[in-house]
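Colleague: Could you take me through this model? I would like to start with how helices cross and then turn to the sheet.

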There are 2 protein chains.
Amino acid sequence: MAVGSTELMTLLPVKGISIGVVECGIKYENRKDLVIFRLEEHSTIAGVFTKNAFCAAPVVVSQQHLASEVASRYLIINTGNANAGTGEQGYSDALATCDYLAELESVDPKSILPFSTGVIGENLPMDRVLEGISAARHHFIEDNWQNAAWGILTTDTIPKGLSVQFDHEGERITVTGISKGSGMIKPNMATMLSFVATDARVSPACLHQILDETTATSFNRITVDGDTSTNDSSMLIATGQAQLPECTGSDSTLYEPLKIAIAEVMLHLAQSIIRDGEGATKFVTIETTEAGTRQEALDVAYTIAHSPLVKTALNASDANWGRILAAIGRAGVPDLDVSNINIQLNGVNIVESGCRAVSYTEEAGSEAMAKEEIMISVSLGRGNVSDKIYTTDLSHDYISINADYRS
Amino acid sequence: MAVGSTELMTLLPVKGISIGVVECGIKYENRKDLVIFRLEEHSTIAGVFTKNAFCAAPVVVSQQHLASEVASRYLIINTGNANAGTGEQGYSDALATCDYLAELESVDPKSILPFSTGVIGENLPMDRVLEGISAARHHFIEDNWQNAAWGILTTDTIPKGLSVQFDHEGERITVTGISKGSGMIKPNMATMLSFVATDARVSPACLHQILDETTATSFNRITVDGDTSTNDSSMLIATGQAQLPECTGSDSTLYEPLKIAIAEVMLHLAQSIIRDGEGATKFVTIETTEAGTRQEALDVAYTIAHSPLVKTALNASDANWGRILAAIGRAGVPDLDVSNINIQLNGVNIVESGCRAVSYTEEAGSEAMAKEEIMISVSLGRGNVSDKIYTTDLSHDYISINADYRS
């Protein structure tokens, strides 16, 4: 089960977006498995995608359609099948889903972006997908984010979403987002997906800038098992339905409050994925301070986060500082002087100057580690750069989910 | 339990080396935990050590003593305590062990190399260590490698060793080695240690060259969990007691046969560590062929080897080619064209041209994966470089060993 407070709050509609959610039995019966977002004309959209060289057909098609001159109007998301590792057939299937909806809605196929998540290596069951598309377009509803949050899940145990509102120059602006993901790749199941939308008007370049900056502090700061999916996609949409001047860059007065709201939604979505991480029993924040560069701050944090020995110690609530130090030592930081390193665990000093802290006791360490929410703070004593990432422990359930069963 | 055939073969003495092995109760009672190697004068020695910035005091002292002008005569190895994360005290304790034996044996302290493995972050119990040193020097025996193989173990489940002999110009040359290690870092226990010796006469520079070349195909090609210990050390000794001219480099006739024999011993020792990997149920060879560079061959192999999803699939005997492909895709190979990738699993074609092989069946994949010894062959179709590494699966027992218990 997911770690911590994970109740889905009310998701507010975003003017200019309506959503169709249906069951079409792609892999399982009685499960919402196809979602279509419909964007009003003049919406803008930005996306970031998996860097995995083995990326799935829908990722290729979405990137091509985004790169075209044609404005995006529809996003089709299916679960149950990732359409990855499917070669030429997969590519033409992804195109065919776009063509089908384009014909029904009388729009350019390039205005449609496909997203898939689920089993790798099997062809899309096109009859069921097309039937689902046909059905979903008859149920476009503005207040439908809650259903969409359920409709994009695969083996997640909880839906993930958040709405934030703020007032700017007398106008109320809404940001709503949903995401899915639990391991980076599930047992043959793939993918982190995220869809965030606002009714603010934002220029394409500015929207990209906001997406890049907020991804850097959210989806690019989480890791369950270090495995990157073939289908990861994070989309940011601005419908421009709010009666405010267009936000065109960081000199617009709307820029900062909008970015803060979007960042809050994105961070919540990213952290919810970690809380729902496969077999997770801990929500772990790893913070590096006093690093010389951002790269070394992240190298240290990720090396700790990916160490199976640190992860199993976290699972055991064992304040095993030797494993944390050993992970830091192999993080590849040039000329690292370990005698400058201090480590705190939920506020308890465990390492000072590279050795066990004088004040440290096993009791204090065990008490700090017994908590569900763990903060590991590593100070490198090399500079003034800080960064932090979010991860989970490694549990028997992770093995069970990924080894004992095959979805 | 260890995977495959793991019986310890007879270990042959190496002329010029005698070994003392005692129980001194450093951490556990009734367990051999201190070993001293005594080398005849005019022996040569070469060592490679952990690259972990957080390296242990004995590693620092051994490197300093090796770098001095003084020829090495004694190696002291204790288990039960890694003398790592112990700061100044640890450093002076490591020096003190050398001083103590030096005084008893009337040699320069710099002729003594200390090695430690065991718990991180606790000071060496010096009274017991010095008592053990005092006792061990009264029991130097040539034919004592078997005891030494047991005496250097920590949480290993099997002793690891091999002897190889070959004839060269009418003289019989012996190479004998022992090693320990099971995870890269145990539950607060550390370290891969290896000691290999020959009675051939080898110049220091040539011995280093042979150690570098044979380490590259053995200890630098294994991984259990990606965690590098603070105490890893691999030592190669040549006593020069065989009646043959000194081997001074690759132009000596002895060079090739000696290197082959040493490589065989080192590979066996390295593979034995993998067979005894924590919770291992599979012995896995990952081979990359047709790579453009050695680096990309190794990046691909290690990314597969470290993927928790591949490791859990191996544990489940699930021929989950999607996970292997996804790992390859994130290995950071520049401009990787996945449509050139072929993958075989124990000879069964599972991926052809980046997609599931046409001939592939679940039955064939499952049958191949059911074996204890697994060979994953990845052909990148980019060049003619090949390399291979050795690893294990990720099992419930790994979690139990590292999370449920604390040694």
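Colleague: Is the crossing of helix 5 of chain B and helix 6 of chain B left-handed or right-handed?

Modeller: The crossing of these two helices is right-handed; a crossing counts as right-handed if the near helix is turned clockwise from the far one by less than a right angle, and left-handed if anticlockwise. This is a predicted model, in which local features need pLDDT of at least 70, side-chain atom pairs count only at pLDDT 80 or more, and totals for chains, interfaces and linings use all residues. Residues are numbered from 1 along each chain as its sequence is written, while chains are lettered from A and ligands numbered from 1 in the order in which they are written.

Colleague: Which residues make the contact of helix 5 and helix 6 of chain B?

Modeller: Helix 5 of chain B contributes Ile210(B), Glu213(B), Thr214(B) and Thr215(B), and helix 6 of chain B contributes Leu258(B), Lys259(B), Ile262(B), Ala263(B) and Met266(B). Contact requires C-beta atoms, placed from the backbone, within 7 Å. Helices (H or I, at least four residues) and strands (E, at least two) are DSSP runs, numbered from the N terminus.

Colleague: At what angle do the axes of helix 5 and helix 6 of chain B cross?

Modeller: They cross at roughly 45° and come within 9 Å. Axes are lines fitted to C-alpha atoms, for helices over the stretch in contact, and angles run from 0 to 180 degrees between N-to-C directions.

Colleague: Changing topic, how many residues of strand 10 of chain B are buried?

Modeller: Six of its six residues are buried, where buried means 20 or more other C-beta atoms within 10 Å of the residue's own, with C-beta atoms placed from the backbone. Ser233(B), Met235(B) and Ile237(B) lie on one side, and Ser234(B), Leu236(B) and Ala238(B) on the other.

Colleague: Which strand runs antiparallel to strand 10 of chain B?

Modeller: Strand 3 (residues 44-49) of chain B does, joined by six bridges; two strands pair if DSSP finds at least two bridges between them. Phe49(B) stands opposite Ser233(B) there. Strand 8 (residues 193-198) of chain B pairs with strand 10 of chain B in the parallel sense over six bridges, with Thr198(B) partnered by Ala238(B).

Colleague: And in chain A, what is the strand order of the open sheet?

Modeller: The five strands follow the order 3-10-8-7-6, with mixed pairing. Strand 3 (44-49) and strand 6 (160-168) of chain A are at the edges with a single partner strand each, so one side of each has no neighbour in the sheet.

Methods. A residue is buried if 20 or more other C-beta atoms lie within 10 Å of its own, exposed if 12 or fewer, and partly exposed in between; C-beta atoms are placed from the backbone. Two residues are in contact if their C-beta atoms, placed from the backbone, lie within 7 Å.
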